[in-house]
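Thanks for coming. I'll go through one model this morning, a few spots at a time, and you can follow along on the screen.

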Amino acid sequence: MTGVLEGFAVIGALIAAGYLAGRARVLGEQGGPVLTRLAFHVASPALLFTTLADADLGALASPGLLVTAASTLLVAGIYITVGALRHWGTGPTTIGALCAGYVNAGNLGIPIAVYVLGDATLIAPVLLFQLLIVSPLALTVIDLSRPGARTSPLAVVTAPLRNPVVLGSLAGVAVAAAGVRVPAPLLDPVELLGAMAVPAVLLAFGISLRGATLPARGPERGQVLLAVGLKTVGQPVAAWAVGAGVFGLTGPALLTVVVTSALPAAQNLFTYASRYDTGVRLAREAVLLSTVLAVPALVTVAVLLG
C-alpha cells in the first residue's frame, strides 16, 4: 500500500502548497479563479487530447467498463433522484452526482493501479468512459441549465462543441480512431500545456480552502454527506454487487472494478463547479472528504478482496 499512500501524499502536498499560497496571497485575490480558468480552457483540453490520442479505444469493450458504468449510473441516479425531490437545482445536483460517481482515475487511479492491481492499463477503461461519456454529458447539462442559456434544438446539439474540455477529448479520440501519429514538433507544446493541468487544479483547490469552514458544516451539509457516502461506500458496494452477481467476476477481475470504484471524487470536478459557478462549496467539500476517506476504503477493499 506504499504506492497508494505516496499518491495521496503528492496530491496533499500540492493542495497544501495552494493553501499556503492563498494564505500568503502571493497570487493575489484572483489567483484561484485564474488557475481554474487556465486549467479549464487551456491545460485540461491539452492533457485530454494527449491522453486520448494514444488511447486504445478497444478498452471500452471490456467487462470491467460495464461494471464501472453500472455502478456510476446507480449512485448518480440515486443522487439525482434525491436532488430532484429536494429541489437542489439542476447545476448543483449534476455536480453532486459527479462527486458521487466520478472517480479520480488520473491522479490516483494510475499509481493505485500499478501498486495495488499490478497493471496501469487496468484504469484505462474507466478513464475513457469518464472522459468520453460522463464529462461531455454532465457539462452539457450544466451548460444548458444556466440562466439565459440557449435551449433550442441546435443549441442543445452543439453545446458540447462549445466546451473546451469536450473539444480536447473529441480531438484526441479522432486522432486515436484515425491511427494518426502527431508529429513531435506539434505534440510537444500540447504536452507541455497539458502538464500544467493537474498542478493548476490542485493549487486552485488549495487556494479555495483559505478561510473555508470545516466540511459538511454549511447549508450544503446534506448534499455533501450524500455525495461522499455514495462515493466512498455506495459505489464500491455497487461495483462488487454488479461485478460478482451479474457478471460473475471473481479474483483479480473483481478486485479491479471494486478498487477503481473506491477511488475518491476527482479534483477536476471542483474546476467544473468553479467554471460554471454552481455547487462550488459542494464540490470542494465532497472532493476533500472523499479523498481523506478513500484511504481506509481502499485498504478495506484490498484486504477483503485481495
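Helix H8 is followed by Gly-179, which has a positive phi, near 70 degrees. Before going further, a note on what is on the screen: this is a predicted model, with local features needing pLDDT of at least 70 and side-chain atom pairs counting only at pLDDT 80 or more, while totals for chains, interfaces and linings use all residues. Residues are numbered from 1 along each chain as its sequence is written, and side-chain values use heavy atoms, with hydrogens and water left out.

When I say helix, I mean a DSSP run of H or I with at least four residues, and strands would be E runs of at least two, numbered from the N terminus. H8 covers residues 164-178, which is 15 residues. The expected span of a helix is 1.5 Å times one less than its number of residues. For H8 that gives 21 Å, and the end C-alpha atoms are 21 Å apart, so the two agree.

Which residues of H8 are buried? They are Pro-164, Val-165, Val-166, Gly-168, Ser-169, Gly-172, Val-173, Val-175 and Ala-176. Buried here means under 20% relative accessible area, exposed means over 50%, and partly exposed is in between, with a 1.4 Å probe and protein chains only. The cover over those buried residues includes helix H2 (31-53), helix H6 (124-145) and helix H13 (268-276). Contact, whenever I use the word, means heavy atoms within 4.5 Å.

Leaving aside neighbours within four places in sequence, Val-182 is in contact with Phe-49, Val-175 and Leu-187. The C-alpha atoms of Val-182 and Asp-54 are separated by 9.7 Å, though the two residues are 128 apart along the chain.

Now to H13 and its packing against helix H4, residues 90-101. The angle between them is about 175 degrees and the axes are 10 Å apart. Axes are lines fitted to C-alpha atoms, for helices over the stretch in contact, and angles run from 0 to 180 degrees between N-to-C directions. Angles under 35 degrees count as roughly parallel, over 145 as roughly antiparallel, 65 to 115 as roughly perpendicular, and the rest as oblique. H4 and H13 are therefore roughly antiparallel.

What meets what between these two helices? From H4 there are Ile-95, Leu-98 and Cys-99, and from H13 there are Leu-269, Tyr-272 and Ala-273. The residues of this contact divide into six nonpolar, no polar and no charged. In that scheme Ala, Val, Leu, Ile, Met, Phe, Trp, Tyr, Cys and Pro are nonpolar, Asp, Glu, Lys and Arg are charged, and the others, Gly among them, are polar.

Two residues of H4 deserve a line each. Cys-99 is buried at 1% relative accessibility. Apart from neighbours within four places in sequence, its contacts are Ala-227, Lys-231, Ala-265, Leu-269, Ala-283 and Ala-286. Thr-94, also found in H4, is buried with a relative accessible area of 13%. Thr-94 touches Ala-138, Val-141 and Ile-142, not counting residues up to four places away in sequence.

Next, the aromatics. Rings of Phe, Tyr and Trp (its six-membered ring) pair if their centres lie within 6.5 Å; planes under 30 degrees apart are stacked, over 60 edge-to-face, and the rest tilted. By this rule there are four aromatic pairs. One of them, Phe-40 with Tyr-276, is edge-to-face, at 5.9 Å centre to centre and 90 degrees between the planes. Phe-40 counts as buried at 1% relative accessibility, and Tyr-276 at 8%. The rings of Phe-205 and Phe-270 have their centres 5.4 Å apart and their planes at 90 degrees, so this pair is edge-to-face. It links Phe-205 in helix H10 (residues 197-208) to Phe-270 in H13, 65 residues apart. Phe-205 is buried at 0% relative accessible area, and Phe-270 at 4%. Phe-40, Tyr-272 and Tyr-276 form one aromatic cluster.

Last, backbone angles. Most residues other than glycine have a negative phi. Where are the positive values in this model that I want to show? Arg-25 has a phi near 55 degrees; this residue is in the loop between helix H1 (2-24) and H2 and is partly exposed, at 45%. Asp-277 also has a phi near 55 degrees, in the loop between H13 and helix H14 (280-305), and counts as exposed at 66% relative accessibility.
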